[in-house]
Amino acid sequence: MFRILLVCLVLIALPVCAQSEVDQSLLASLPNVSFHGSNLVASGRLAPADIDRLKRAGIRHVIDLSDESETPDFDEAKAMKSANIGYENLPIHGADGLSVANVRAFDNLMKRLDGQPTLIHCASSNRVGALIALRASMLQGASTEEALESGKSWGLKSLLPIVEERLKEASNCNETLLASAPTASDRSACSGE
């Protein structure tokens, strides 16, 4: 009887342990921080002094959308590894980096880390919001308005006109690809690769 009770307690506690919530109060002073559900955080640039707070707050993964050249005096990948925090770098170079290929790569990262305490950042959170909006519309079926509102809540600001343009292009491509017989050049032009 005791064994059955112990097994039941472990099985009940397992999902709670696996999906711990981020302690938002420890991260509130990060630049341009925003919280999305219990385990997703967006922010601007991280500094070496932030790493311990990330760890204590329960962050298990970081997705960095910055290029290494943006922080020449800070090896973020090495700092995260030392803190036993998973680290992924997907450099997004402004508007040019808002490609379909990068949206798909971002989507793959988000799916792989789904439900795990994750912080996504760039210099200001603008690129974070841009990718969130593009992913929402292009890959998750959100309307343009819903995607843009979501992107803004994650930090989308100066890239807003570019994101609106990309979403309009994607919408036009979807209409072309749904036509009765799109040509190979239509499919190529719409792939955005």
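How many bridges join strand 1 to strand 2, and do they run parallel or antiparallel?

Modeller: Before I answer, please note that this is a predicted model, in which local features need pLDDT of at least 70 and side-chain atom pairs count only at pLDDT 80 or more, while totals for chains, interfaces and linings use all residues. Residues are numbered from 1 along each chain as its sequence is written, and side-chain values use heavy atoms, with hydrogens and water left out.

Strand 1 and strand 2 run antiparallel and are joined by three bridges; helices (H or I, at least four residues) and strands (E, at least two) are DSSP runs, numbered from the N terminus, and two strands pair if DSSP finds at least two bridges between them. Within this pairing, His-36 has Leu-40 of strand 2 as its bridge partner. The two strands form a hairpin with three residues between them, and in the turn Gly-37 has a positive phi of about 70°.

On strand 2 (residues 40-43) there is also a parallel pairing, made with strand 5 (residues 118-121) over four bridges. Here Ala-42 has Ile-120 of strand 5 as its bridge partner, and Ser-43 is bridged to His-121 of strand 5. In a regular strand, side chains alternate between the two faces of the sheet.

These pairings belong to an open sheet of five strands with the order 1-2-5-3-4 and mixed pairing. Its edge strands, each pairing on one side only, are strand 1 (34-36) and strand 4 (86-89), and from one strand to the next the twist averages 20°. Helix 6 (residues 144-154) lies across strand 1, strand 2 and strand 5, and runs at about 130° to strand 1; axes are lines fitted to C-alpha atoms, for helices over the stretch in contact, and angles run from 0 to 180 degrees between N-to-C directions.

Turning to the helices, helix 4 (residues 100-112) packs against helix 5 (residues 126-138) at an angle of about 90°, with the axes 10 Å apart. Helix 4 is therefore roughly perpendicular to helix 5, a term that covers angles of 65 to 115 degrees. The contact (heavy atoms within 4.5 Å) involves residues of helix 4 including Phe-106 and Met-110, and residues of helix 5 including Leu-131 and Leu-134. By class, this contact has seven nonpolar, one polar and three charged residues, where Ala, Val, Leu, Ile, Met, Phe, Trp, Tyr, Cys and Pro count as nonpolar, Asp, Glu, Lys and Arg as charged, and the others, Gly among them, as polar.

Also in helix 5 is Ser-137, which counts as buried because its relative accessibility is 17%; buried means under 20% relative accessible area, with a 1.4 Å probe and protein chains only. Leaving aside neighbours within four places in sequence, Ser-137 is in contact with Ala-142, Ala-147 and Leu-167.

Beyond its neighbours within four places in sequence, Ala-57 is in contact with Glu-21, Val-22, Asp-23, Leu-26 and Leu-27. The C-alpha atoms of Ala-57 and Leu-27 are separated by 7.0 Å, although the two are 30 residues apart along the chain.

For the protein as a whole, the secondary structure comes to eight helices and five strands, and buried residues make up 39% of the 193 residues.

Methods: Parallel < 35°, antiparallel > 145°, perpendicular 65-115°, else oblique. Buried < 20%, exposed > 50% of the residue type's maximum accessible area, 1.4 Å probe, protein only.
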